[in-house]
Amino acid sequence: MKIVGYHHITLKDFPGNVAAICFIFGCQLRCPYCHNPNLVLFNNAEDYYKEFLEYVTLRSNMLDGVVISGGEPLMHDGVTALITKIKHMGLKVKLDTNGINNERLDHLLKERLIDYIALDYKNHRIRLNETVGIKKTNDEMYDQWKTSFELLLANDIDFEVRTTVVKELHSINDLVNMATELKTIANSKTSFNWYIQNFEQNGPLINDHNPIKVKLSSYDQHELDCILKQLKTITTNVYLR
């Protein structure tokens with residue numbers, strides 16, 4: 001497992017906490033709108049694992065927690081050891097995950113090693129593999145994600161669900177379907193928030209490295225406000241970020 005970058009301080013990635021954040025290389029998905037192709041496609045960056053842990057150890061009295069992001073951290077066997085070391089420093093841990101590795105997530109939850117989770121919700125069942133750029137049956141990947149969501153609902157842990165919306169991949173009908181799926185799986189529980197963030201075309205994307213490019217565009221603010229209003233008729237715990 002390789003930490004390919006980190007920030008000393010983030011005030012926005014771990015709600016209510018001053019945190020350091022690290023980025024772990026590798027991801028099973030190939031979302032064309034992903035802004036981190038270097039974390040997904042090119043395993044040639046320097047490894048900052050030791051340096052990051054030394055920094056967190058040195059500044060542990062100034063930090064509330066650490067954000068483990070990626071890439072997809074749960075791909076790696078070593079993520080449990082990393083999180084355990086951070087917890088032994090008396091720090092809280094937030095995990096960013098796409099939810100595909102539900103067995104490792106289950107283990108971390110049972111060991112009570114995570115304090116907050118941000119679960120990506122890429123799309124509803126029918127459009128999932130198109131959205132994540134993987135030729136795999138929708139049901140297989142979706143069911144893995146659904147299991148992760150159900151694990152979070154069943155455990156006493158703070159978490160959020162988040163979706164980056166791209167006009168071509170997330171029509172209003174798609175987002176309505178997503179809201180309906182969330183509500184159905186959660187059985188009307190609203191103990192979590194669903195955050196929608198607009199795709200922004202800035203910097204390199206995985207789409208830039210695909211042999212066949214797909215069109216990617218953003219909603220304007222008026223469109224987002226209208227979408228939010230419609231989604232709130234289905235589930236009230238949805239917000240724009």
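How much space lies in the second largest pocket? I found about 300 Å³ there. I took a pocket to be an open set of points on a 1 Å grid over the protein atoms alone, with protein on both sides within 12 Å along at least five of seven lines; lining residues have an atom within 4 Å of a point. A volume is the space filled by probe spheres set on the points, which are joined across faces, edges and corners.

I noted that this is a predicted model, in which local features need pLDDT of at least 70 and side-chain atom pairs count only at pLDDT 80 or more, while totals for chains, interfaces and linings use all residues. Residues are numbered from 1 along each chain as its sequence is written, and side-chain values use heavy atoms, with hydrogens and water left out.

**Second largest pocket.** Of its 15 lining residues, I listed Pro32, Glu130, Gly133, Asn210 and Val214 as the closest to the centre. The lining divides into five nonpolar, four polar and six charged residues (Ala, Val, Leu, Ile, Met, Phe, Trp, Tyr, Cys and Pro count as nonpolar, Asp, Glu, Lys and Arg as charged, and the others, Gly among them, as polar).

**Largest pocket.** I read a volume of about 1,400 Å³ for the largest pocket. It is lined by 40 residues, of which Asn36, Ser69, Arg162, Thr164 and Gln197 are the closest to its centre. By class I recorded 14 nonpolar, 14 polar and 12 charged residues. Strand 6 gives the most to this lining, with four residues. Helices (H or I, at least four residues) and strands (E, at least two) are DSSP runs, numbered from the N terminus.

I then looked up the open sheet of eight strands, which has the order 1-2-3-4-5-6-7-8 and mixed pairing; two strands pair if DSSP finds at least two bridges between them. Strand 1 (3-10) and strand 8 (238-240) stand at the edges with a single partner strand each, so one side of each is left without a neighbour in the sheet. Strand 2 (residues 19-24) and strand 3 (residues 65-70) pair in the parallel sense over six bridges. In this pair, Ile24 stands opposite Gly70 in strand 3.

**Cavity.** I found one cavity of 30 Å³ or more, a cavity being a set of points where a 1.4 Å probe fits but cannot get out. The largest cavity has a volume of about 60 Å³. Among its lining residues I noted Leu29, Tyr121, Met141 and Trp145. Helix 6 gives the most to this lining, with three residues.
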